[in-house]
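Here's a quick walk through the model, for anyone who would rather read about it before loading it into a viewer. Have a look at it first, then read on.

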Amino acid sequence: MSMLRRHAPLLVLAVVLLLLPLVLPNNYYYDIAIRMAINAIIVLGLNLLIGFAGQISLGHAGFIGIGAYASAILPTHFGWHPIVAMVAGAAIASAIAAIVARPIFRLKGHYLAMATLGLGIIIAIVIKNEAAYTGGPDGMPVPALGLMGFEISGEKQWYWVLAVTLLFSFWASKNLIDSPFGRALRALHGSEVAAQVMGVDIVRYKVAIFVLSAFFASLMGSITAHYIGFVTPNIADFFHSIELVTMVVIGGMASIYGSLIGAVLLTALPQALSTFEGWETVVFGTILMFCMIFMPKGLVPTLAARFGHKERGDS
Amino acid sequence: MSQFLQFLFSGITVGATYALAALGFTLIYNASNVINFAQGEFIMLGGMLAFFFMQSGVPLPLAILLAIAIPAVVGMLLEKLAIEPARDADVVTLIIITIGASLVIRGLIQIWLGKGAHTYPAFSGSEPFLIGGATLLPQSLWVLGITALVVVALWYFFSRTLAGKAILATSCNPLAAQLVGINTQWVLLISFALSAALGAIGGVLLTPITLTSYDVGIMLGLKGFVAAVVGGLGSGLGAVVGGLLVGIIEAMAAGYISSAYKDAIPFVLILFILFFMPRGIFGAKITERV
């Protein structure tokens with residue numbers, strides 16, 4: 001029974017992902033579902049950093065850009081296998097994250113926001129300027145992702161690839177949070193000093209979670225690039241970073257379900273707003289402000305508190 | 001040498017605008033601990049509104065006045081409608097509220113005045129002065145002169161008037177300030193109005209030199225934030241020095257190293273400063289209480 005209880009959310013998600021294709025009428029909706037899944041996976045990782053460890057990153061799109069462009073440049077210009085390119089991209093993103101993380105994580109609050117923001121913007125500008133490799137502001141095509149003679153193509157195949165990846169990420173995040181590592185993260189969010197006194201090496205944990213979320217962001221950047229078949233510098237820009245942070249905060253910080261809800265809602269929102277012709281930005285901004293003013297803790301924690309459930313792992 | 005002077009002039013001119021934006025960040029940060037990511041939009045508003053009023057035939061002084069007063073009102077509305085109701089929220093939540101506000105402002109201006117780039121004639125002609133082989137636009141003198149005037153006025157306001165001291169007291173300790181009878185809500189409102197006006201002044205002054213459009217606010221605002229952090233968040237002197245420094249370094253690097261990477265330079269600078277001087281140049285050394 002307790003086994004079932006423990007894995008119930010995972011089962012529910014699996015069933016939803018299995019049944020979803022039955023109600024998706026055409027490729028347009030498949031496309032939206034795929035984008036939701038991609039964002040959900042990135043946001044799960046980012047929420048570990050922002051929600052659980054309490055560290056702000058305003059430059060995460062930079063890591064996504066690194067992955068996307070590694071998958072575009074390395075196979076096109078150097079003939080690397082896409083999978084090798086994807087891993088290389090993730091390794092580069094992790095290495096950059098690890099190098100800058102130590103000095104960055106001595107900083108707090110707004111200084112940390114500034115440092116990550118600066119890092120993201122620098123990556124975006126490099127991508128825009130190195131036109132010989134990246135195609136500059138116009139972007140460049142990305143070769144298909146193939147493995148052992150099999151090539152992933154079409155919305156339906158991509159849907160299943162991402163459904164499985166999402167399930168795995170969800171399961172991994174849940175496990176991570178319930179592990180000693182997750183408890184350490186939550187401890188340092190609660191009180192860094194108390195965590196330190198209890199023997200948590202706070203800088204090491206912060207660096208580890210930052211590198212981990214950069215790694216996943218880069219992988220998902222690669223996946224996005226292969227799925228769309230084309231990359232532009234927009235994938236790495238400041239707005240994309242903000243969009244991701246918004247998904248974390250609207251869904252609910254330190255809430256795994258919140259990550260899913262936030263990603264789903266904010267991916268759907270621009271599609272829904274396209275009927276507003278020209279007013280999208282205004283309406284989007286207004287919705288952001290209203291959500292944050294009236295539900296500063298985000299949707300899932302606010303609703304959970306109202307209906308008396310306290311999410312496991314919520315601190 | 002003339003080349004160096006030329007870069008210096010353009011650096012100081014843009015740097016003055018960064019300094020005004022940085023002062024805006026500093027004011028709001030001190031009064032409320034909020035980093036106002038909509039600060040850049042006030043710079044944009046200043047330029048765009050000045051363009052609109054001049055185009056509609058409003059005389060120059062009145063157009064400028066309106067282009068500064070309206071953003072100040074927008075700043076107050078932002079505080080009253082969005083920041084005050086969320087007073088106790090997290091840092092990230094407040095950052096997202098101000099980002100939402102900046103999207104709304106930018107979106108409205110885009111609908112109203114379109115996506116094109118605009119400019120208007122410089123205040124007193126565009127016949128450049130020749131100094132040591134470099135040219136200096138009269139508009140640059142306006143930028144520098146007015147910025148200097150604003151800085152002196154702010155210094156006077158904060159060190160010699162009761163209202164200014166009330167704001168300082170609130171930033172030191174809001175509860176204690178309230179206990180001695182300072183209306184801290186009023187202080188917040190004034191801080192937002194002042195900082196919006198500062199941004200708008202920068203926008204109004206700079207537009208004849210650099211053009212403006214609905215989306216210039218983001219970069220200008222972010223660089224203003226860099227300037228504020230370079231100087232040490234919360235320090236007025238730091239904001240001015242930081243702004244000029246960021247402007248000059250940016251212009252020098254763009255001129256001598258690579259103009260394509262001009263926009264990246266302030267951010268490289270900020271990373272170095274944060275790595276080696278985590279509290280900026282003029283940031284106070286503080287010991288955190290547990």
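This is a predicted model: local features need pLDDT of at least 70, side-chain atom pairs count only at pLDDT 80 or more; totals for chains, interfaces and linings use all residues.

Now for chain A as a whole. Chain A has 14 helices and four strands. Its radius of gyration is 19 Å, close to the 20 Å from the globule rule for 315 residues, so chain A is as compact as a globular protein of that length. The C-alpha trace of chain A spans about 50 × 50 × 45 Å along its principal axes. Buried residues make up 49% of the 315 in chain A. As for contacts within chain A between residues at least 6 apart in sequence, 76% of them join residues at least 24 apart.

On to a helix pair. Two packed helices are described by the angle between their axes and the distance between the axes. Helix α2 (residues 27–52) of chain A packs against helix α10 (residues 202–228) of chain A at an angle of about 170°, and their axes are 8 Å apart. Angles over 145 degrees count as roughly antiparallel, so α2(A) is roughly antiparallel to α10(A). On the α2(A) side, the residues that meet α10(A) include A:Ile34, A:Ile38, A:Ile41 and A:Ile42. Among their counterparts in α10(A) are A:Phe210, A:Phe216, A:Met220 and A:Tyr227. By class, the contact of α2(A) with α10(A) has 15 nonpolar, three polar and no charged residues.

A:Ile64 is also worth a click. This residue sits in helix α3 (residues 60–78) of chain A. A:Ile64 counts as buried because it has 31 C-beta neighbours inside 10 Å. Leaving out residues up to four places away in sequence, A:Ile64 touches A:Ile42, A:Ala217 and A:Met220, among others.

What does chain A bring to its contact with chain B? The contact takes 34 residues from chain A and 37 residues from chain B. On the chain A side, α5 (109–129), α11 (238–251) and α13 (280–294) each supply at least two residues. α5(A) gives the most, with 12 residues. By class, the side of chain A that touches chain B has 24 nonpolar, nine polar and one charged residues.

Finally, some backbone angles. Most residues other than glycine have a negative phi.

| Residue | Phi |
|---|---|
| A:Ala254 | about 60° |
| B:Leu211 | about 70° |

A:Ala254 is in the loop between α11 and α12 (256–273) of chain A, and with 26 other C-beta atoms within 10 Å it is buried. B:Leu211 lies in the loop between α8 (184–210) and α9 of chain B. With 15 other C-beta atoms within 10 Å, B:Leu211 is partly exposed.

Technical notes: Residues are numbered from 1 along each chain as its sequence is written. Chains are lettered from A and ligands numbered from 1 in the order in which they are written. The radius of gyration is taken over C-alpha atoms; the globule rule is 2.2 Å times the number of residues to the power 0.38. A residue is buried if 20 or more other C-beta atoms lie within 10 Å of its own, exposed if 12 or fewer, and partly exposed in between; C-beta atoms are placed from the backbone. Two residues are in contact if their C-beta atoms, placed from the backbone, lie within 7 Å. Ala, Val, Leu, Ile, Met, Phe, Trp, Tyr, Cys and Pro count as nonpolar, Asp, Glu, Lys and Arg as charged, and the others, Gly among them, as polar. Axes are lines fitted to C-alpha atoms, for helices over the stretch in contact, and angles run from 0 to 180 degrees between N-to-C directions. Angles under 35 degrees count as roughly parallel, over 145 as roughly antiparallel, 65 to 115 as roughly perpendicular and the rest as oblique.
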